[in-house]
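Here are my notes on this model, as numbered points. Please read them with the coordinates open.

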Number of protein chains: 2
Amino acid sequence: MQEVLIPKMTVIGTGLIGGSLSLALKAAGEVGEVTGVGRGLANLETALELGVIDRFTQDAEAAVADADLVFLSTPVLTLPAMAARGLPHMKPGAILTDGGSVKEQIVAEIEPLLPEGIHFVPGHPIAGTERSGSSAAFASLYQDRRCILTPTEKTDAAALELVTRMWQAAGSEVVIMDVVKHDRILAAISHLPHMVAYALVNAVASDHRYGEDILKYSAGGFRDFTRIASSDPAMWRDIALSNREALLEMISSFETMLANLKEDIAAGNDDDLFNFFLRSKERRDALL
Amino acid sequence: MQEVLIPKMTVIGTGLIGGSLSLALKAAGEVGEVTGVGRGLANLETALELGVIDRFTQDAEAAVADADLVFLSTPVLTLPAMAARGLPHMKPGAILTDGGSVKEQIVAEIEPLLPEGIHFVPGHPIAGTERSGSSAAFASLYQDRRCILTPTEKTDAAALELVTRMWQAAGSEVVIMDVVKHDRILAAISHLPHMVAYALVNAVASDHRYGEDILKYSAGGFRDFTRIASSDPAMWRDIALSNREALLEMISSFETMLANLKEDIAAGNDDDLFNFFLRSKERRDALL
């Protein structure tokens, strides 16, 4: 039998992110047995039925004991507490890694907890959908996506190499990045857009002067534009709070941009408006 | 031969909106000959080749002379000038209608120009894509969409009835609405989201501190969210300027919503954040 990259993996939080990693590694033949851990029994049972995991337990301490790699994909604010529970029970040489959307605060809280010989590799796959739970997991979620790993000076080189190979096996391009840069970039390309989408839906939906739901007149553009406002509220509360500084900075930058646009509309500055829209269109079209 | 709803139609501005109406009415068998008028010869030739129109001319005065119905779908700010050119040459009993995204200003400028016996029915099909030009036109663009007609006390009832049947033949549900209400609702569900998308792309793209284009890290959510920022800059400059008052009001309402969210993030109000995101998610999910 050919050796797999990760003989025994434990996924704590077997939802979209953890479940999809498990499915991707199974599809690639790079994982042996996968143990799922979670709070919700129904979700674990679904994960087992769908073949996302091979077994499950709600005893996190026991679940990590013989794992070669533990993947933490619980809500971002719970990551340090979950790490604190698991780390003392992991075997020497084992690797803890995570999929948290915010890195600086998480790394600062987890690194001091590391026992001698247990390695932590902070990570963040840039992928997801607005759905959640193990039934939303699918093997190709990470295909052709980027996964950012944010090692620190304390990160073990061999552990970083193994986690890099794991994400490559899942189909992703691995990018190594400083934790602070990661959090600022994610604030810009992901956290700010979510805040804007949530605020936009609430602003439009709170216009009650016509005594009818004006959202019913919305067409495809509005629906696409606001799809991310369907994302999990608890997850986004936690992300907003754990990346507070970078996010507030980006919201301010966006507010300034919008205020300038508003001034140009009010003043009827047609050339400035055209150039503002054109610049945006050119940047957006370059993404395709 | 069965009588068609509109024996002779002239479409002034044969792009996505006008071209798709022509294709939809042809598919429904409700239009006879369609004459295209436009500034760009290449676009008219493409429209003819693709069967979007049956003939074309750049002489707008001649093109409207024997039309039973003239559909104006040039950029919104040009609609009154195009109406002024065509109206004196239209035949008695003919109908002028339009597809402009903004109604109050357009109606106020066109109605005083109407010769005796020529009817104007202001309209706005709530449909579109981020693409433009006659090559972007397709017959099912209006299928299962809403078309808002905004008649005034001067609008002829029979003309309104015919334009209603025309949009129904194109597959749309026709909604009759006051012009001011139309402009406010469109400011909320369409014009504001476009302004926000343009401002968001520019805010994110102008973060140069890492000496690389951080947009390259964006994933599907960002791309979907900003798709409408690929829309035509000239069209959106004109919409922003012609629906200025309603749009500025909606931008202010959105700014207040975002400022409240920012305060909750800064203050760490976790319950308020959760409820804000949940309320938005519930409103968004109700659209599906």
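This is a predicted model: local features need pLDDT of at least 70, side-chain atom pairs count only at pLDDT 80 or more; totals for chains, interfaces and linings use all residues.

1. A:Ser280 reaches across to the other chain. Leaving out residues up to four places away in sequence, A:Ser280 touches B:Tyr198, B:Val201, B:Asn202 and B:Ala229. Touching, or contact, means that C-beta atoms placed from the backbone lie within 7 Å. A:Ser280 is found in helix H11 of chain A. A:Ser280 is buried, with 28 other C-beta atoms within 10 Å. A residue counts as buried at 20 or more other C-beta atoms within 10 Å of its own, as exposed at 12 or fewer, and as partly exposed in between, with C-beta atoms placed from the backbone. A:Ala169 lies 111 residues from A:Ser280 in sequence and 35 Å away in space, C-alpha to C-alpha.

2. Residues are numbered from 1 along each chain as its sequence is written, while chains are lettered from A and ligands numbered from 1 in the order in which they are written.

3. Helix H11 of chain A. H11(A) covers residues 270–285. Helices here are DSSP runs of H or I with at least four residues, strands are runs of E with at least two, and both are numbered from the N terminus. At 1.5 Å a residue, the 16 residues of H11(A) should span 22 Å, and the end C-alpha atoms are 22 Å apart, which agrees. The expected span is 1.5 Å times one less than the number of residues.

4. Which face of H11(A) is buried? The buried residues are A:Leu273, A:Phe276, A:Phe277, A:Ser280, A:Lys281, A:Arg283 and A:Arg284. Viewed down the helix axis, the buried residues of H11(A) fall within an arc of 165°, so they line one face. The arc is taken over directions from the helix axis to the C-beta atoms. A:Asp271 and A:Asp285 are exposed on the other side of H11(A). The cover over the buried residues includes helix H10 (244–267) of chain A, along with helix H7 (179–205) and helix H9 (233–242) of chain B.

5. The chain A–chain B contact. Each side is counted here: 71 residues from chain A and 71 residues from chain B. On the chain A side, H7, H8, H9, H10 and H11 each give two or more residues. H7(A) supplies the largest share, 17 residues. By class, the chain A side divides into 45 nonpolar, nine polar and 17 charged residues. Nonpolar means Ala, Val, Leu, Ile, Met, Phe, Trp, Tyr, Cys and Pro; charged means Asp, Glu, Lys and Arg; the others, Gly among them, are polar.

6. Domains of chain A. Domain 1 runs over 6–177 and domain 2 over 181–285. The bounds come from an automatic or database domain assignment. The C-alpha centres of the two domains lie 31 Å apart. Their contact takes 14 residues from domain 1 and 16 residues from domain 2. The domain 1 side holds six nonpolar, five polar and three charged residues.

7. Strands in chain B. S7(B) (residues 123–125) and S8(B) (residues 146–149) pair in the antiparallel sense over three bridges. Pairing requires at least two DSSP bridges. S8(B) also pairs with S9(B) (residues 173–176), in the parallel sense over four bridges. B:Cys147 in S8(B) stands opposite B:Pro125, and the bridge partner of B:Cys147 in S9(B) is B:Val174.

Terms used
Two residues are in contact if their C-beta atoms, placed from the backbone, lie within 7 Å.
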